[in-house]
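Student: Hi! Could you walk me through this one? I'd like to start with the strands.

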Amino acid sequence: MFRLLSRLVLWFVGLGFMDVSVVFPSKNREKYVRKAVRTAFKARHVREVIIVDGGSSDNTVDVALKEGARVIIQSNLVYPGKGVAMRDGAYLSSGDIVVFVDIDIANLTPQFIEKLYTPIMRGDAEFVKGCFGRAAGRVTELVAKPLLRMFYPELARFKQPLSGEIAGLRRVFYQVEFEDGWGVDVGLLIDLYRKGVKIVEEDLGFKEHEMKPLHALTDMAYQVAEAILKRAIRDMKIDEVWAKKYISTINEIDLGGAGYA
Ligand SMILES: Nc1nc2c(ncn2[C@@H]2O[C@H](COP(=O)(O)OP(=O)(O)O)[C@@H](O)[C@H]2O)c(=O)[nH]1
Ligand SMILES: [Mg+2]
């Protein structure tokens, strides 16, 4: 009875007083920014919309400002710097809840954003990982899921461990470190789980976004693997001396690739 009552109180407090910051990490996404910002402002409880720009050479920044978004220039303009952008967004936002959404979602709706934060407002979660209906990405299926199954089987149930659509109480993001690049999302998932943060996976329906060509996925897959293996070493699931030596060696190999931006 008491539990029920306290949940009810939490629910009302959450729905009444919590406000939301929406953060879009973004680089050269002029095509999506207008719709993304407008859509985010239409979601209930949204106090601010932040674009963290990774040094765009197109009109992403101008359009974002025109639409009333706060624009932050990524503090360290490395590429890929999605994680740097997310860290900046978390630290410079002011909402009780911070929602991160990739900007290149063609079918973004206000409900999509509301669905992400609702479990937090209801007191059911402190961190929400978005998932979606379409088949998961190639790096997700071929790299993240097998490695999570090996080293963090508790997290193997997540359908989209790499999704960039997440929400959390702002304070939970201050308990963990953000990887700079593509390892950020899986790193947050592992670290928040280890901190005992209450996590739910929320189905957001269908996500329509741009697919990278296969060759562009090598660096992404590398960084995702590295983020998981680094944590497996830290959590003493892999022999530290062997792994550090081996991983630092392979990291130094120059494959002559031009990268992908
Ligand atoms: N600020 C910033 N945003 C980035 C960077 N790299 C990617 N993004 C954004 O991060 C989100 C996800 O990137 P995307 O290329 O769509 O990755 P994918 O969906 O995994 O193929 C998008 O909103 C990008 O614009 C970067 O270096 N800096
Ligand atoms: Mg994308």
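Student: In what sense do β1 and β2 pair, and over how many bridges?

Tutor: β1 and β2 pair in the parallel sense, over 7 bridges. Strands count as paired if DSSP finds at least two bridges between them. Helices (H or I, at least four residues) and strands (E, at least two) are DSSP runs, numbered from the N terminus. This is a predicted model, in which local features need pLDDT of at least 70, side-chain atom pairs count only at pLDDT 80 or more, and totals for chains, interfaces and linings use all residues. Residues are numbered from 1 along each chain as its sequence is written, while chains are lettered from A and ligands numbered from 1 in the order in which they are written.

Student: Which residue in β2 is the bridge partner of P25?

Tutor: That is V52. Helix α2 (residues 30-42) packs on the sheet there, touching β1 and β2, and its direction makes about 155° with that of β2. Axes here are lines fitted to C-alpha atoms, for helices over the stretch in contact, and angles run from 0 to 180 degrees between N-to-C directions. Contact requires C-beta atoms, placed from the backbone, within 7 Å.

Student: And what order do the strands take in the sheet?

Tutor: The 7 strands form an open sheet in the order β3-β2-β1-β4-β6-β5-β7, with mixed pairing. Its edge strands are β3 (70-73) and β7 (199-203), each pairing on one side only. From one strand to the next, the twist averages 20°.

Student: Switching to the ligand: which residues come nearest to ligand 1?

Tutor: P25, G54, G81, A85 and I103, out of 20 residues around ligand 1. Being near means that the C-beta atom, placed from the backbone, lies within 6 Å.

Student: Which elements each supply at least two residues of that shell around ligand 1?

Tutor: They are β1 (20-26), β2 (46-53) and α4 (82-92). β1 gives the most to the shell, with 3 residues.

Student: How do the shell residues divide into nonpolar, polar and charged?

Tutor: The shell around ligand 1 has 7 nonpolar, 6 polar and 7 charged residues. Ala, Val, Leu, Ile, Met, Phe, Trp, Tyr, Cys and Pro count as nonpolar, Asp, Glu, Lys and Arg as charged, and the others, Gly among them, as polar.

Student: Back to the fold. Is L204 buried or exposed?

Tutor: L204 counts as buried because it has 23 C-beta neighbours inside 10 Å. The cut-offs are 20 or more other C-beta atoms within 10 Å for buried, 12 or fewer for exposed, and partly exposed in between, with C-beta atoms placed from the backbone. L204 lies in the loop between β7 and α8 (217-234).

Student: What does L204 touch?

Tutor: Leaving aside residues up to four places away in sequence, L204 touches F112, K115, L116, G130, C131, F132 and E165. C131 is 73 residues from L204 in sequence, yet their C-alpha atoms are 5.9 Å apart.

Student: And K31, where is that found?

Tutor: K31 is in helix α2. K31 counts as partly exposed because it has 16 C-beta neighbours inside 10 Å.

Student: How many residues of α7 are buried?

Tutor: In α7 (residues 184-194), 8 of the 11 residues are buried, so the helix is mostly covered. Its cover includes α4, β5 (127-131), α6 (138-151), β7 and α8. Just after α7, G196 takes a positive phi of about 85°.

Conventions:
Contact = placed C-beta atoms within 7 Å.
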